[in-house]
Amino acid sequence: MLDIDIESIVLGGMLIEAQGFPRFTDAIGEVNVFGDQRHAVIYEAMLSLFKESGQIDVCLVSQELRKRNRLKEIGGSAYLVSLTERVSSAAHIEEYARILLQNHIKRNIKALSQHLETQASSDQSDPFALLDYCQSELDKATDYLQQRHSRTTAEYLTELLNPQQNKGVPMAIEGLHCWLNGYHPGELTVIAGRPGMGKTAFALNDALHQARSGYPVGFISLEMTGKMVTGRAFANYAGINSNHLCTQGLSREEMEIAVQYRASFGEFPLYIEEASCMSLLQIRMKAKEWIRTKKIKILYVDYLQLIIGSHDRKSFRTRDQEVGEISRFLKGLAKELNIPVVALAQLSREVEKRGNKLPTLSDLRESGSIEQDADNVMLLYRPDYYQELLGEEETLKEQTEKKIDIILAKYRNGSTGRTTADCDLAYMRFR
């Protein structure tokens with residue numbers, strides 16, 4: 001019931017890899033499952049550090065233990081270094097965590113049974129008091145296994161009937177917001193379209209609207225740099241041509257406007273993470289960090305097909321299977337964090353082969369289980385984009401110029417349909 005080797009390997013993995021500690025706590029929670037006293041003390045220091053800064057390494061843990069006057073108790077900094085020398089990575093840390101949890105439960109049960117045996121052997125003990133004590137101790141021993149408390153239908157119904165609690169994170173386009181009542185916690189929404197439809201601009205239009213309304217927003221950009229994303233959002237806010245801002249350079253008048261809006265834009269709770277690629281684990285860590293430090297109310301990921309699935313990509317026979325794992329992960333993340341997750345996605349070239357170019361749900365690239373996992377799927381279609389390519393008549397162009405069709409191809413809580421909004425991509429605005 002006490003495996004010193006596994007405890008040492010786990011602690012060593014958490015000391016050498018940044019993701020080791022959150023992976024450990026994600027698997028079994030924050031309970032101290034270490035039976036060796038030295039390891040229990042080290043873990044307490046790690047937990048405190050992670051809650052304060054999210055950073056853990058040998059030097060920081062050593063300083064924390066010294067501050068607590070417990071460094072000598074665990075064998076000094078040399079013992080911490082020796083733990084790191086036993087491992088090369090934090091691989092299999094979740095499996096080891098579950099083993100340690102099982103050992104921890106067994107030790108608690110053994111200690112409780114020994115205490116009860118001693119008390120029960122006494123002629124002066126009260127059997128009913130022993131029963132109460134036994135029940136309370138078992139309850140304490142299993143508290144950490146309860147990830148969420150079970151709720152009654154009455155509690156859920158109270159939320160459903162409370163307009164304030166049932167209100168989602170607002171959407172910028174009023175008609176769409178009234179239709180869906182915003183983005184809801186625990187739901188995965190997919191915004192999909194072909195290149196040139198304005199997916200990122202559409203998402204940023206909502207994200208900026210939410211940040212301006214006081215909702216902290218996390219935006220993970222896997223396609224564009226943080227500077228480009230910021231430029232698009234600022235062009236929307238200040239009313240500046242985004243091409244001038246990002247590439248061609250601002251005129252004197254536009255620079256004056258930019259200076260005027262710069263300070264207020266910087267105060268909005270819009271947080272951007274840029275990366276060329278991110279794994280599922282990295283996305284979870286970043287989302288949890290934002291939840292903890294920024295209190296974000298919604299998470300955007302641009303875009304779904306650029307996310308890396310499991311590290312062992314050989315386990316997937318097809319790309320569809322890997323994308324399916326990613327969509328399930330994003331749905332699970334929305335439920336775990338209890339916030340809306342909005343993922344952008346590419347549509348396949350099948351759209352281009354169609355006469356009217358209207359996208360459908362089956363056009364999701366490497367769809368796998370995207371349409372199954374998503375609560376809502378919105379497909380974007382700009383008629384004027386295709387009319388320019390096809391050389392349509394000017395009168396037809398005028399009717400659809402600066403318009404975008406938003407096709408709600410899946411809506412788990414209501415009926416699907418289609419709506420039209422104003423779209424000005426030069427200023428990254430949708431209304």
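This is a predicted model: local features need pLDDT of at least 70, side-chain atom pairs count only at pLDDT 80 or more; totals for chains, interfaces and linings use all residues.

In soluble globular proteins, nonpolar side chains tend to be buried together. Here the largest nonpolar core has 80 residues, and those with the most contacts inside it are Y183, V190, F202, L299, Y300 and L330. Taking F202 and leaving aside its neighbours within four places in sequence, one finds it in contact with I173, L176, Y183, I191, L380, I406 and F430.

The largest pocket has a volume of about 1100 Å³. Its lining is made up of 36 residues, of which P22, D26, F50, K288 and R292 are the closest to its centre. The table divides the residues of this lining by class.

| Class of lining residue | Number |
|---|---|
| nonpolar | 14 residues |
| polar | 8 residues |

At least two lining residues come from each of the helices α2 (20-28), α3 (37-53), α14 (280-293) and α15 (319-337), and the largest share, 9 residues, is supplied by α14.

Is K357 buried or exposed? This lysine, placed in the loop between β7 (341-346) and α16 (370-373), counts as buried because its relative accessible area is 13%, which is under the 20% cut-off. Leaving aside its neighbours within four places in sequence, K357 is in contact with V351, E352, Y381 and Y386.

Key
Residues are numbered from 1 along each chain as its sequence is written. Side-chain values use heavy atoms; hydrogens and water are left out. A nonpolar core is a set of buried Ala, Val, Leu, Ile, Met, Phe, Trp, Tyr and Cys residues joined through side-chain atoms within 4.5 Å. Buried means under 20% relative accessible area, exposed over 50%, partly exposed in between (1.4 Å probe, protein chains only). Contact means heavy atoms within 4.5 Å. On a 1 Å grid over the protein atoms alone, a cavity is a set of points where a 1.4 Å probe fits but cannot get out, and a pocket is an open set with protein on both sides within 12 Å along at least five of seven lines; lining residues have an atom within 4 Å of a point. Grid points are joined across faces, edges and corners, and a volume is the space filled by probe spheres set on the points. Helices (H or I, at least four residues) and strands (E, at least two) are DSSP runs, numbered from the N terminus. Ala, Val, Leu, Ile, Met, Phe, Trp, Tyr, Cys and Pro count as nonpolar, Asp, Glu, Lys and Arg as charged, and the others, Gly among them, as polar.
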